[in-house]
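Look at the structure below and follow the text through it one part at a time.

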Amino acid sequence: MFQQKLEETVLSSKPSKLNRFFHSEFFYNYRKSPTAVISSIMILSAVLIALFGPMITPQDPYSLAGLNLSDAYKPPAWIEGGEAKFFFGTDQQGRDIMSAIIYGSRVSLYIGFVGVFFAAMTGIVVGLIAGYAGGRLESIIMRIADIQLSFPSMLIALFLMTTFGRSVTNVLIALTLIGWVRYARIVRGETLTVKKKEYIEASKVIGFSNIKIIFQHVLPNVLTSVIVLSTIQVGSFILIEATLSFLGLGVPVIRPTLGMLCSDGFAVLYSGLWWVSFFPGLYIVFIVFGINLFGDFLRDELNPRLK
Amino acid sequence: MIIVLLVVSFIVFFMTSVIGNPVHTMLPERASQEQVDQVVKMLGLDKPLHVQYLIFLRNALKGDFGRSYTHFQPALKLIFSRFPATLEIVVVAMIMTIVFGITFGVYAGAYPRSRISKGIMGLSIAGISLPSFWVGMVLIFFLSVRLGWFPVSGRGTVGSLLGIRTSLATLDGWRHIILPSITLAGINVATIIRLVRAGMLETMRQDYIKFAKAKGVSSRDVLFKHALKNILIPVVTIFGLQLGELIAFTTITETIYAWPGMGKLLIDAINNLDRPIVSAYLLFVAVLFVVINFVVDILYTMIDPRVDL
């Protein structure tokens, strides 16, 4: 009886990948850290709202048929004159702020995640090449990276968007051009240390091709740093996009993001309609705060050198 | 350094010549083809690109970026005339950053386990998550529009202090400058706190700190005399970078507060396709950054005699 039970437990803890994850130190620390749990709930809910939000919003803010001018200038529901239907109030065209925020967050999150994806891809490839190849190529690439890093990324973004013109694709290109540097530097640094390890020498001796060595042995070693950096980058990309859109240099008018909603609201701020710009901004803070908190946790966990 | 500036001038020139044709914004809509040609010729836009670049470079060296298409004044002169206003908020924001950033950062790094430190760190994460334009709007609405403590926008009275014309010389000027500077400093304080704290954590583990403590040096002296000195190098580097960041972010702050600095000039110029101002601004800022980096390098040798240039 006892024997059987023991066998069962041993068998059940056989290392399926998921199981291993749930019993890892990482997962234990995650459960024990309130900030990590709260921040991941924040991120998850923002993503879910963006994905399924349009099914529950009271109004499609961009179909003109749904707008009614008599609903304009409604304050949030808890203030006198507000209606429960428009929880965060309406703007000067009778557009429900909450619906606008949910639709806007879709574009903002999309730009954040996709932008980081492209920046990371570019940066990783460039960094791997620089670190692995070394020599002239490396010094040229790193020199470019240094020069670019000595300029604030906000300024570079402004400049790029000025020349590209507003569109979602252009924002993504600009973010990629800004973001690759940090990835390239980290990946190159890690590649340099990995390159000197014995097992890489061994793979070379066996006669593995360079590409195989890079992808099978070097890349997995740099991934943790990339993950940590990416988390923080998503937040900062969302902020950069919001700022660009606020200045009228980001996404086009037909696809308003959270930043652009703020900018629209700024126009009516002085006439007392604070809620039009306040809530979209607050939602940006909510998303980015969640991401940054989680990034902080990840960095402490995955980067033992910083512990 | 010179190579950096050359590269920047090259990029700036080619990118700004793609921006869009300024001729159409300068002429009335029904201008004849002849008039268009005339303007194109006047601006030198009919020459091949590389010739245009060489002309641009030669003029840039003389400080001539052409006349603004909208203000009808030399672009560089416009920038210089707006620069003091920008410098004012940058300096005030920088001082705020130094005072709060270092104090809180040192504290959070020296006593990482205390509750206050955890609070500081939580706030600093919140700080880097705030969009600065939103902070500006919230401050304007609640402190200026609702409570009326501060003016809504603009620069206020400009007085003269030691022969320099600045709004820091008048009380009204100070009332105008507080909100933009807080907005500008906000994010930077958060970043500085985090960096100072990281440096502090590293330093506090060193042997000489333990020795100083064992010797009975008061904890304030340990912190500010022994520990802080040794994290100054990374901190100075960061200040160099942050100064650039502050200048970049003035574009946003100045737009929100209608502050007549060069950041607002840039945004207006971008919206009007005012090419000379955009390129003059970018090269001016590039020169500024090169100078800042140079000063930072010199500061290194002053702080740490081991560093050789």
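Helix α11(B) is mostly covered, with seven of its ten residues buried. Here buried means under 20% relative accessible area, exposed means over 50%, and partly exposed is in between (1.4 Å probe, protein chains only). Helices (H or I, at least four residues) and strands (E, at least two) are DSSP runs, numbered from the N terminus. The buried residues of α11(B) are M262(B), G263(B), L265(B), L266(B), I267(B), A269(B) and I270(B). What covers these residues? The cover includes α7 (153-164) of chain A, together with α5 (75-110), α10 and α12 of chain B. Just after α11(B), L273(B) takes a positive phi of about 55 degrees.

The model is a predicted one, in which local features need pLDDT of at least 70 and side-chain atom pairs count only at pLDDT 80 or more, while totals for chains, interfaces and linings use all residues. Residues are numbered from 1 along each chain as its sequence is written, chains are lettered from A and ligands numbered from 1 in the order in which they are written, and side-chain values use heavy atoms, with hydrogens and water left out.

Chain B as a whole has twelve helices and two strands. From the N terminus on, its elements run α-α-α-α-α-α-α-β-β-α-α-α-α-α. Of the 309 residues of chain B, 46% count as buried. Contact means heavy atoms within 4.5 Å. Among contacts in chain B between residues at least 6 apart in sequence, 70% join residues at least 24 apart. A separate example of distance in sequence and in space is the pair V99(B) and V189(B), which are 90 residues apart in sequence and 8.9 Å apart in space, C-alpha to C-alpha. V99(B) lies in helix α5 of chain B, and with a relative accessible area of 45% V99(B) is partly exposed.

Next comes the interface. There, 44 residues of chain B are in contact with 40 residues of chain A. The size of an interface is often given as the accessible area lost when the parts come together. The area buried between chain B and chain A (accessible area, 1.4 Å probe, that two parts lose on being put together, summed over both) is about 3500 Å², of which carbon and sulfur atoms give 81%.

How many salt bridges are counted between chain B and chain A? The count is one, where a salt bridge is a side-chain nitrogen of Lys or Arg within 4 Å of a carboxyl oxygen of Asp or Glu. In this salt bridge the side chains of D296(A) and R194(B) meet (2.6 Å, N to O). The elements that give two or more residues to the side of chain B that touches chain A are α1 (2-18), α6 (115-128), α7 (132-146), α10 (219-257), α11 (262-271) and α12 (275-303) of chain B.

Aromatic rings are the last topic. Rings of Phe, Tyr and Trp (its six-membered ring) pair if their centres lie within 6.5 Å; planes under 30 degrees apart count as stacked, over 60 as edge-to-face and the rest as tilted. Over all chains, a search of the whole structure finds twelve aromatic pairs. The rings of F294(A) and F297(A) have centres 6.1 Å apart and planes at 35 degrees, so this pair is tilted. Both residues lie in helix α12 (residues 274-302) of chain A, three residues apart, about one turn of the helix. F294(A) counts as buried at 19% relative accessibility, and F297(A) counts as buried at 8%. F246(A), F266(A) and F133(B) form one aromatic cluster.
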